[in-house]
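Here are my notes on the model you sent.

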Amino acid sequence: MADNTTRWAWARVDLDAYVHNITVLKRMVAPSGVWVVVKADAYGHGAVPVSRAAVSAGVGGLCVAITAEGVELRDAGIDAPILIFSEQPIGEVDDIVHHRLTATVYRKQYVEALASAARRRGGVRVDVHVKVDTGMHRVGADPADVPALVATIGANADALRLAGIYTHFAAADTPGHPANAVQSQRFAAVLDALGPVDASVAIHAVNSAGAMSIPTERRDLVRVGIATYGVVPGEGVIDHCGDLRQVMSLHARVSRIQRLAAGEGVSYGHRFVTSAPTTVATLPIGYADGVPRRLWSQGGEVLVGGKRRPIIGVVTMDQLMVDCGDDEVEVGDEAVLFGTQGSERIRSEDWARALDTIGYEITCGIGRRVPRLYSPSV
Ligand SMILES: Cc1ncc(COP(=O)(O)O)c(C=O)c1O
């Protein structure tokens, strides 16, 4: 792996691990298809390289959150189906049509705006997926409104093609949560009410956690994000994860060493004070890069020389300090904030647990000024 020469802080993105994870998930859910979720710059991993790897791994499609994310992928020459997860501002319908993006729809006005945009362009049909709100209560059509919405799409069949009907579970990461059964029943009732649909219409319902733990809801395809990045979707599904490999690791190099006497305060506010003489290493990465400021007080650690070292003092915007005790450490030594060094491993989920959040927020939060180094290189 090439070293990072531009900055002494970088994220490694292991695309072999990513493709491995897709292979594991494809095997797990077969014969259902796998569409991967690459919104939010592929959860911080880099949407274009990740999407190219996904396409080469044979996924059925890609999912994004906003029009601009789909346009970025098309501009990079990616030709796979790209589903946008929610309705977008009406002003973007021409962009959606022009870039052959697949629209999610749940309001009649939006369906009609898309149809008009397709007609303006002439000779094209836009693929649409109807999103049904079965209980997440975020976006989607009310179940009672779905037949009329599907009829509206049918009435605009010169401009639109019904390509999917889907829902999203609120508590898929908690197997046995009563909401899962309720949402399954409501989705089944919507499909019953519609009667038989063409086999080309993809019915889909679950994300990573649901794909693993609610096999009856795998249907035609699953929409997997977090699991493809090798991050556990939630404590409740750890046992279902199989052999997933963490795709992102976060690294820095020691930029300064100091030997401090006992009683010295470290970082802003001197909230940490040394209790004995110790060697303190500075790493040039901070909260502007996505290392939360309070990680130090929640048991945050870093690997240096193959050992766990506590972060001491508040994480500052661009730097943090770690206590290396009496060990020999040199400027330029590599530190791993999450990932593996020697026989030690820190996972992004360890940060998430300490900070009372989820693994998603950790990788999404790694700032843009942290270079991503891809292996194999792209
Ligand atoms: C509608 C929808 N489907 C699937 C996913 C993927 O979820 P996960 O990353 O948990 O697999 C998301 C992500 O938030 C989503 O919004």
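1. The protein chain has 11 helices and 20 strands. The model is a predicted one, so everything below refers to computed coordinates. Along the principal axes, the C-alpha trace spans about 80 × 45 × 35 Å.

2. Of the 378 residues in the protein chain, 46% are buried. Taking contacts in the chain with a separation of 6 or more, 65% are between residues 24 or more positions apart.

3. Which residues surround the ligand? The shell consists of Val37, Phe85, His168, Asn207, Ser208, Ala209, Arg223, Val224, Gly225, Ile226, Ala227 and Pro233. Two elements, α9 (208-213) and β9 (221-224), each supply at least two residues of this shell. Sorted by class, the shell has seven nonpolar, four polar and one charged residues. Anyone setting up a calculation on the ligand may want this list to hand.

4. Pro233, one of the residues around the ligand, is located in the loop between β9 and β10 (248-253). Is Pro233 buried or exposed? There are 27 C-beta neighbours inside 10 Å of Pro233, and the cut-off for a buried residue is 20 or more, so Pro233 counts as buried.

5. The surroundings of Pro233 can be listed as well. Leaving out residues up to four places away in sequence, Pro233 touches Asp173, Ser208, Ala209, Ile226 and Ala227. Of these, Ser208, Ala209, Ile226 and Ala227 also belong to the set surrounding the ligand. Ala172 is 61 residues from Pro233 in sequence, while the C-alpha to C-alpha distance between Pro233 and Ala172 is 9.3 Å.

6. Helix α1 (residues 15-29) packs against helix α3 (residues 47-56) at an angle of about 45°, and the axes are 10 Å apart. The crossing of α1 and α3 is right-handed. Leu15, Tyr18, Val19 and Ile22 of α1 make the contact with Pro49, Val50, Ala53 and Ala54 of α3. By class, the contact of α1 with α3 has eight nonpolar, no polar and no charged residues.

7. The other pair is α7 with α8. The axes of helix α7 (residues 146-155) and helix α8 (residues 178-194) come within 9 Å and cross at roughly 50°. That angle makes α7 oblique to α8. The crossing of α7 and α8 is right-handed. On α7 the contact residues are Val146, Pro147 and Val150, and on α8 they are Val190, Ala193 and Leu194. This contact of α7 with α8 divides into six nonpolar, no polar and no charged residues.

8. Helix α8 also holds Val182. Val182 and Phe272 are 90 residues apart along the chain, and their C-alpha atoms are separated by 49 Å.

Terms used. Residues are numbered from 1 along each chain as its sequence is written. This is a predicted model: local features need pLDDT of at least 70, side-chain atom pairs count only at pLDDT 80 or more; totals for chains, interfaces and linings use all residues. A residue is near a molecule or strand if its C-beta atom, placed from the backbone, lies within 6 Å of it. Helices (H or I, at least four residues) and strands (E, at least two) are DSSP runs, numbered from the N terminus. Ala, Val, Leu, Ile, Met, Phe, Trp, Tyr, Cys and Pro count as nonpolar, Asp, Glu, Lys and Arg as charged, and the others, Gly among them, as polar. Axes are lines fitted to C-alpha atoms, for helices over the stretch in contact, and angles run from 0 to 180 degrees between N-to-C directions. Angles under 35 degrees count as roughly parallel, over 145 as roughly antiparallel, 65 to 115 as roughly perpendicular and the rest as oblique. A crossing is left-handed if the near helix is turned anticlockwise from the far one by less than a right angle, and right-handed if clockwise. Two residues are in contact if their C-beta atoms, placed from the backbone, lie within 7 Å. A residue is buried if 20 or more other C-beta atoms lie within 10 Å of its own, exposed if 12 or fewer, and partly exposed in between; C-beta atoms are placed from the backbone.
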